[in-house]
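Please read this note beside the model.

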Amino acid sequence: MAKTKNSPKLTVDESRRIATTGDIEVATYLQIAKEMGGEQPSPARETIPSERESIVVIDFGSQYSLLIARRVRECNVYCELVSCDTPWEKIAPLNPKGFILSGGPASVYQPNAPLAPAYIYESHLPVLGICYGMQVITQQLGGQVTSGIKQEYGHAVLHLSDSKSPLFAGLDNSVPVWMSHGDRIEVMPPGFKAVAHTENTPVAVMGNDQGIYGLQFHPEVAHTPQGKMLLKNFVCQICGCGGIWTMGSFINESIARIREQVGTGKVITALSGGVDSAVVATLIHRAVSDQLTCIFVDNGLLRREEVERTFKVFQANLGLNIIGIDASERFLKKLQSVIDPEEKRKVIGEEFIHVFEEEANKIGKVDFLAQGTLYPDVIESATSGSTASAKIKTHHNVGGLPAKMKLTLIEPLRHLFKDEVRKVGLELGMPQEMVWRQPFPGPGLAIRVIGEVTKEKLEILRSADFIVMNEIKKANFYRQLWQSFAVLTDVKSVGVQGDYRTYSYLIAIRAVTSEDAMTADWARLPYDLLARISTRIANEVPSINRVVYDITSKPPSTIEWE
């Protein structure tokens, strides 16, 4: 039987047994940094000021794990998602006020099932287990989990049996919740009592007097309407967090951290025209001023008028020192005969680094490279350290970096979501045009040209994409969409244009709504808008005779086609 937090200190062997994890291995940030060679910066969490309060989410591989972190941050409390095998030495600098154990696909009674590390219970901090996390608490603290006779997926009604529980302060006695589980709590651990039930689950919520709670449902999803209030009760009332983390405090911490890291060194950063790189450049400029040089690389994979528009916006509004590089021929040559999307990303990522290093040599001694890596980039590239998370795709500025680098990385946005980056941009006083620009992928149009990338295909795509953006903006849909763009497929079809038979390319239109790009839904654009886009592309863009609209959500698709 696993020991409770009131038991004597666990031995090393017992701690290892409790912290047993699964077999999937992914590279952590520190491993990647080590492979790059030289003295790489520590992850942001290693230099967070001690006065910060935080909630740590222990990830067991749930598809909703990132949503938990988002919901906690919406309470103005800093939160990070870490692997269930993360050692205490990496957690302590976060100054955690409580832990949340995520859901996951495993069953706790199976061999090698991932469990919570011993320090979770030894810390005497509040703990909230969600779904699999609840079953982990049960298994480790002496209860019993079994396979449920009736599985429970989708909507359910939760009925409180203890309305005085601080977890449910301000909530109704019966609330709709979202269930997704096959196992059930057969026997609660000693000292626990049932707080709520559903028709099929007698122990849907449990808790003890030491601030350890378990939920069989998912409060983090939109299908649990009062879930955010429940999480806020746990974070603020039970854990005692004051809700002091704001974008203003993030800016102050980031500037102080950058100054400490850079010292008297010099920094270069890439400007792409997007909000991520713009916020990074602005933060670093605020921190070290003229020690920063921005490099805008025309890699030949940008949209129509991108170069001119970007220079105009950045020089007029930010007053940055910008160097423009035309490397279009160089990148296109590297991409010759490259068809695989992963290879495209890696080729582009490596070539970017080589361009930066060459420019750094021209400037003089440069020590740091700053880039706008975001939390979803890290998660999807499977570099978060989560042993239970699968790699979706390599982001060029995460997995596309060369094995050895001469420059040390600065990634001040590494633990932020896109909407949080926009809030930072507004807090910094950046122009609305810059802050609300739709995301554009680092590899550019290379991953919107299916198959080999050529000058001819790029020009076709630029023309079609320009029409899409023009019509979307004219219809006042631009700000309502996460992304909207055209994709040049490698499919050709027969058409009739001007009484002649044609055999031309097919263009796909993609428009999605999303909060953070971790999930997305296809946008229900008006038929007349889609008709205008289709008609214009077929009439104005040579080599196109068919237009289709992508109506797939994420998942199962990704937002980009490659």
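The points below take the pocket and then the helix packing.

1. This is a predicted model, in which local features need pLDDT of at least 70, side-chain atom pairs count only at pLDDT 80 or more, and totals for chains, interfaces and linings use all residues. Residues are numbered from 1 along each chain as its sequence is written, and side-chain values use heavy atoms, with hydrogens and water left out.

2. The second largest pocket has a volume of about 500 Å³. A pocket here is an open set of points on a 1 Å grid where a 1.4 Å probe fits, with protein on both sides within 12 Å along at least five of seven lines; lining residues have an atom within 4 Å of a point. Its lining has 21 residues, with Arg-303, Arg-309, Arg-437, Lys-473 and Tyr-478 nearest the centre. Two or more lining residues come from each of α10 (306-317), α15 (432-435) and α16 (455-474).

3. α16 also packs with α17 (residues 527-540) at about 150 degrees, their axes 10 Å apart. The two are therefore roughly antiparallel (over 145 degrees). Ala-464, Ile-467, Val-468, Asn-470, Glu-471 and Ile-472 of α16 meet Leu-529, Arg-532, Ile-533, Arg-536, Ile-537 and Glu-540 of α17, contact meaning heavy atoms within 4.5 Å.

4. α9 (residues 275-288) and α14 (residues 418-427) pack at about 45 degrees, with axes 10 Å apart. Val-275, Asp-276 and Val-279 in α9 meet Lys-418, Val-421, Arg-422, Val-424 and Gly-425 in α14.

Technical notes: Grid points are joined across faces, edges and corners, and a volume is the space filled by probe spheres set on the points. Helices (H or I, at least four residues) and strands (E, at least two) are DSSP runs, numbered from the N terminus. Axes are lines fitted to C-alpha atoms, for helices over the stretch in contact, and angles run from 0 to 180 degrees between N-to-C directions. Angles under 35 degrees count as roughly parallel, over 145 as roughly antiparallel, 65 to 115 as roughly perpendicular and the rest as oblique.
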